[in-house]
Amino acid sequence: MKKILLKKKEGTGATGYVFLFFVMLLMVVLTLYLASVAKLMTHQHHVDDALADSVLASLVADDVYYFETYESTGTPVIRFMDTDESRKIFADCMMDDIAQTDGFYYNFGIDTYICYEVEGEQIKITEYAGNAGNKTVMVKPGGSVTAPTGEPVTKTSAYARVRFDIKSIIDGSFMTKTKDIYCTLKVNH
């Protein structure tokens, strides 16, 4: 009888080990998931900061030109001195920032960079597509243009979108993400 009781006791102990194994497995999966989410959030914050810095750098590359135009006769008209140079400044700033994070981003690319120049009732739109920066220029009437973020374009501004892959720490697969920003310049009267 004592042997049967001991065997029964050993059998019920195995259930506790199985339960403990599943709890430990759940903890490992949860830890990996939380680490992956934290890494993704870090990526997004870093790209948001880099985008804002790079777009603003491209907007204010030549502040003398921007703020001198018509300033003495009324409201200053803000323009890009050279949209090609502005796009180059944006791309250089963005790539410099990304280069400092080796192993952080994969297949990084600039999808779109757009310069909006508002003067009077016209808006000049200069769009650069892809890493090669294929250029398209259009002029449209004021009030008819919205930025890709959905905001109406009322001031000289710039929009940029980048695309990148990040590696999952769980299975090593790549996830493609895009981030964008729309920045306008304010001139104090």
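Colleague: How many residues of strand β4 are buried?

Modeller: First, a heads-up: this is a predicted model, where local features need pLDDT of at least 70, side-chain atom pairs count only at pLDDT 80 or more, and totals for chains, interfaces and linings use all residues. Residues are numbered from 1 along each chain as its sequence is written, and side-chain values use heavy atoms, with hydrogens and water left out. Strands (E, at least two residues) are DSSP runs numbered from the N terminus, as are helices (H or I, at least four); buried means under 20% relative accessible area, exposed over 50%, partly exposed in between (1.4 Å probe, protein chains only). Strand β4 covers residues 157-167 and is mostly covered, with the buried count at 8 of its 11 residues.

Colleague: Which residue in β4 is the bridge partner of Y113?

Modeller: Two strands pair if DSSP finds at least two bridges between them. Strand β1 (residues 106-119) and β4 run antiparallel over 8 bridges. In β4, the partner of Y113 is A160.

Colleague: Is C115 buried or exposed?

Modeller: Compare C93, which counts as partly exposed because its relative accessibility is 28%. C115 has a relative accessible area of 0%, so C115 is buried.

Colleague: How many disulfides does the count come to?

Modeller: A disulfide is a covalent bond between the sulfur atoms of two cysteines. The rule here asks for a pair of cysteine sulfur atoms within 2.5 Å. By that rule, the count is 0.
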